[in-house]
Structure formats: structure tokens, C-alpha cells
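Hi there,

Here is the structure I promised to pass on. Have a look at it first, then read my notes below.

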Amino acid sequence: MTALQKRLAAIEKVGAEALADQTLRKLIHLQLQKYEKQLAEVQRELVPFERHYGVTSEEGHQRFLAGELGDSGEVMEWMGLYDDVVLYRERIATLQTAADA
């Protein structure tokens with residue numbers, strides 16, 4: 001049993017589930033705000049690349065994986081930023097699922 005699981009078991013044992021649930025919901029909300037802000041910032045950074053190459057970052061990523069964009073420093077920076085977008089979207093989806101549970 002992990003330390004977190006032990007803590008949750010203790011909270012349940014003393015009947016403080018409602019307080020723990022409320023606290024966890026607040027923490028999830030704060031993390032969602034953090035990732036949504038980071039996602040918006042990275043998406044703004046993608047705009048110049050998308051304009052330069054004339055495609056969305058998702059399409060650029062597909063072309064990159066197909067070997068059509070090369071591996072210049074500029075392309076690598078673009079793809080790194082797009083990877084961040086994918087990561088933040090995944091984290092947001094995970095947290096939203098937890099918040100809705």
C-alpha cells in the first residue's frame with residue numbers, strides 16, 4: 001500500500017471522506033487551471049510555425065513523422081512544442097475525468 005493509499009484509508013477510517021473529497025476537487029481544479037494556462041501559452045507559440053509552414057501543428061506533426069519536414073532546429077522546436085500540447089491535453093482530460101467522477 002502506498003503512502004497516499006494509507007492516508008486515504010486513515011481519512012476513511014475517521015469518517016472525513018467528504019472533507020477529503022472537497023479538498024481533492026479543489027486541488028484538481030487548481031491543476032486544471034495550471035494546465036489550461038500552459039496549454040494556451042504553448043498554443044500561442046505554435047502560431048508562427050503554423051503560419052510559416054501553412055499547416056496546423058497536428059498536420060505538421062503527421063508530416064514530421066512521415067519524414068516530410070526534415071529535422072532542422074526550427075522543426076524540432078515546433079514538434080517539441082506540439083508534444084507539449086499533446087501532453088497538456090492528456091493531463092487535462094485525465095483531471096476532468098477525475099473531477100467528474
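Let's start with a definition: a crossing of two helices is left-handed if the near helix is turned anticlockwise from the far one by less than a right angle, and right-handed if clockwise. The crossing of α3 and α4 is left-handed. Helices here are DSSP runs (H or I, at least four residues), numbered from the N terminus.

Some housekeeping: this is a predicted model, where local features need pLDDT of at least 70 and side-chain atom pairs count only at pLDDT 80 or more, while totals for chains, interfaces and linings use all residues. Residues are numbered from 1 along each chain as its sequence is written, and side-chain values use heavy atoms, with hydrogens and water left out.

Back to the two helices. Two packed helices are described by the angle between their axes and the distance between the axes. For α3 and α4, the angle is about 120° and the axes are 10 Å apart (axes are lines fitted to C-alpha atoms over the stretch in contact, and angles run from 0 to 180 degrees between N-to-C directions). That makes α3 and α4 oblique to each other (under 35 degrees is roughly parallel, over 145 roughly antiparallel, 65 to 115 roughly perpendicular, the rest oblique). On the α3 side, the contact (heavy atoms within 4.5 Å) is made by Ser57, Glu58, Gly60, His61 and Phe64; among the α4 residues in it are Trp78 and Tyr82.

Now α3 itself, residues 57-65. Its buried residues are Ser57, Gly60 and His61 (buried means under 20% relative accessible area, exposed over 50%, partly exposed in between, with a 1.4 Å probe and protein chains only). They fall within an arc of 100° seen down the axis of α3, so they line one face of the helix (the arc is that of the directions from the helix axis to the C-beta atoms). What covers them includes α2 (17-53) and α4 (73-100). Just after α3, Gly67 takes a positive phi of about 80°.

Last, the rings. How many aromatic pairs does the structure hold? There are 3 (Phe, Tyr and Trp rings, the six-membered one for Trp, pair if their centres lie within 6.5 Å; planes under 30 degrees apart are stacked, over 60 edge-to-face, the rest tilted). One of them is Phe49 with Trp78, stacked at 6.1 Å centre to centre and 5° between the planes. Phe49 lies in α2 and Trp78 in α4, so this pair ties together parts 29 residues apart in sequence. Ring pairs link Phe49, Tyr53 and Trp78 into a cluster. Trp78 is buried at 0% relative accessibility, whereas Tyr53 is partly exposed at 25%.

Cheers!

Notes:
Helix = DSSP H or I, 4+ residues; strand = E, 2+ residues; numbered from the N terminus.
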